[in-house]
Amino acid sequence: MIYSLLVLSSPFSGHCSRTAAAFAHCVITRGHTVRRVFFLDAGTLASAANSVSAQDEDTSMKDWAELANQHGVELAICITSALKHGMLDQVEADRNERPFPTIDSLFMMSGLGQLVDAYANSDRLITFGG
Amino acid sequence: MTAVTKKTILIVLRHSPYGSGLAKAALNTALASAAFDQSLDLLFMGNGVLQLQPDQDGRVKGVKDVGRQLASLPLYDINHVYVDAQAVERYNMDLSKSPVEIRRLDGPEIRQLMICYDHLLGF
C-alpha cells in the first residue's frame, strides 16, 4: 500500500511530528511505501537546521534523516508556511535577501500541489497534528 | 508533478479561525485541491464552526479574514459545505448570514458522510 503523511504541528510542541516519523518508519518496515511526507503550517519547523535541543532530549531530525537517507522518503515542506516560519533554503535566502539558509538539506521546498499529488497517488493519507 | 488521479476528499476543519494557522492552512489546501481538479467537500466540526461566524473581521487582528476567504469557495467549484449541527447549537450561532451556503448534519449523518470519501484531511 502507498502512504503519504501530512504533518501540521511543530516538532517543538507535543509529539505529533515524532509520531509521524515513527509511523512512516513502521509503514516501511511492514513492506509498504511512503510516497511523500508533506509539512504544512507549523509542521515546516521540522526542517529547522539550527535547532538545538537539551542534551537529554532527542530531536525528530534524526528520525527524518533516517527516513530520507536510508529509505529515500521525500520530505516536502510547503514554501508559504516555511517562509513565514523563517525556514529558507539557499534559493529563498538569496531571493529574500536573508544572510543564510535555515533548513536542513534533507527537506525540499515545495508547493501545495505536491500535497495534492501525494494524496491523489496514495492509498492512504494520514494527518498528524492539527 | 506526475499526472494527478482524481480522488474524493473531505477536508475537516476543527479549529477556531484565528487561534492558529490551521484554518488558513485548511483553506489553502482546499483551494489548491480544487485548482488541481480534485473533488472535494468541507466539513466544519467543533470549534471549527467559528470559522463560519458572520461579520468576522480578521483585519482587527492584522490577519486575512477567514470568512472572506470562505466566501470565495463557490468560485473554486467546491461542491458541498457541511457543518456539525451540535457545535452550531453549542455556540448558539445564527448561520443564516454565514459566508457560504452550508448544510447541517447530526452525529450519525457525519459518520455516514465520512465513509464516502477516498481521503479525509483533518485540520
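Because the model is predicted, local features need pLDDT of at least 70 and side-chain atom pairs count only at pLDDT 80 or more, while totals for chains, interfaces and linings use all residues. Residues are numbered from 1 along each chain as its sequence is written, chains are lettered from A and ligands numbered from 1 in the order in which they are written, and side-chain values use heavy atoms, with hydrogens and water left out. Helices (H or I, at least four residues) and strands (E, at least two) are DSSP runs numbered from the N terminus.

**The sheet of chain A**

- Chain A has an open sheet of 5 strands in the order β4-β3-β2-β1-β5, with parallel pairing; two strands pair if DSSP finds at least two bridges between them.
- The edges belong to β4 (107–110) and β5 (124–128) of chain A, each with a single partner strand, so one side of each has no neighbour in the sheet.
- On average, neighbouring strands of this sheet are turned by 25° against each other, direction ignored; axes are lines fitted to C-alpha atoms, for helices over the stretch in contact, and angles run from 0 to 180 degrees between N-to-C directions.
- Strand β1 (residues 2–7) of chain A runs parallel to β5(A), and 5 bridges join them.
- In that pair, L5(A) sits opposite I126(A) of β5(A).

**The sheet of chain B**

- Chain B also holds an open sheet: 5 strands, parallel pairing, order β4-β3-β2-β1-β5.
- Its edge strands, β4 (103–105) and β5 (119–122) of chain B, each pair on one side only.
- Here, neighbouring strands are turned by 25° against each other on average, again ignoring direction.
- Strand β1 (residues 8–13) of chain B is joined to the parallel β5(B) by 4 bridges, and L10(B) faces L120(B) of β5(B).

**Helices α1 and α2 of chain A**

- What is the angle between α1(A) and α2(A)? They pack at about 30°, with their axes 9 Å apart.
- α1(A) and α2(A) are therefore roughly parallel to each other; angles under 35 degrees count as roughly parallel, over 145 as roughly antiparallel, 65 to 115 as roughly perpendicular and the rest as oblique.
- The crossing of α1(A) and α2(A) is left-handed, meaning that the near helix is turned anticlockwise from the far one by less than a right angle, whereas clockwise counts as right-handed.
- The contact (heavy atoms within 4.5 Å) brings residues of α1(A), including S17(A), A21(A) and I28(A), up against residues of α2(A), including W64(A) and L67(A).
- By class, this contact has 6 nonpolar, 3 polar and 3 charged residues; Ala, Val, Leu, Ile, Met, Phe, Trp, Tyr, Cys and Pro count as nonpolar, Asp, Glu, Lys and Arg as charged, and the others, Gly among them, as polar.
- Helix α2 (residues 61–71) of chain A has several buried residues, among them M61(A), D63(A) and W64(A); buried means under 20% relative accessible area, exposed over 50%, and partly exposed in between (1.4 Å probe, protein chains only).
- The buried residues of α2(A) pack against β1, α1 (16–29), β2, β3 and β4 of chain A.

**Where α5 of chain A meets chain B**

- Helix α5 (residues 112–120) of chain A lies across β1, β2 (33–39), β3 (75–78), β4 and β5 of chain A, running at about 150° to β2(A).
- The axes of α5(A) and helix α1 (residues 22–35) of chain B come within 9 Å and cross at roughly 70°, which makes α5(A) roughly perpendicular to α1(B).
- L112(A), L115(A), V116(A) and Y119(A) make this contact from the α5(A) side, with N28(B), T29(B), A32(B) and S33(B) on α1(B).
- By class, that contact has 5 nonpolar, 3 polar and no charged residues.

- Leaving aside neighbours within four places in sequence, Y119(A) is in contact with L125(A), K7(B), I9(B), S33(B), Q38(B), H119(B) and L121(B).

**Positive phi angles**

- Most residues other than glycine have a negative phi.
- E97(A) has a positive phi near 55°; E97(A) sits in the loop between α4 (90–95) and β4 of chain A and is exposed, with a relative accessible area of 73%.
- D55(B) has a positive phi of about 60°; D55(B) lies in the loop between β2 (39–44) and α2 (66–71) of chain B and is exposed, with a relative accessible area of 73%.
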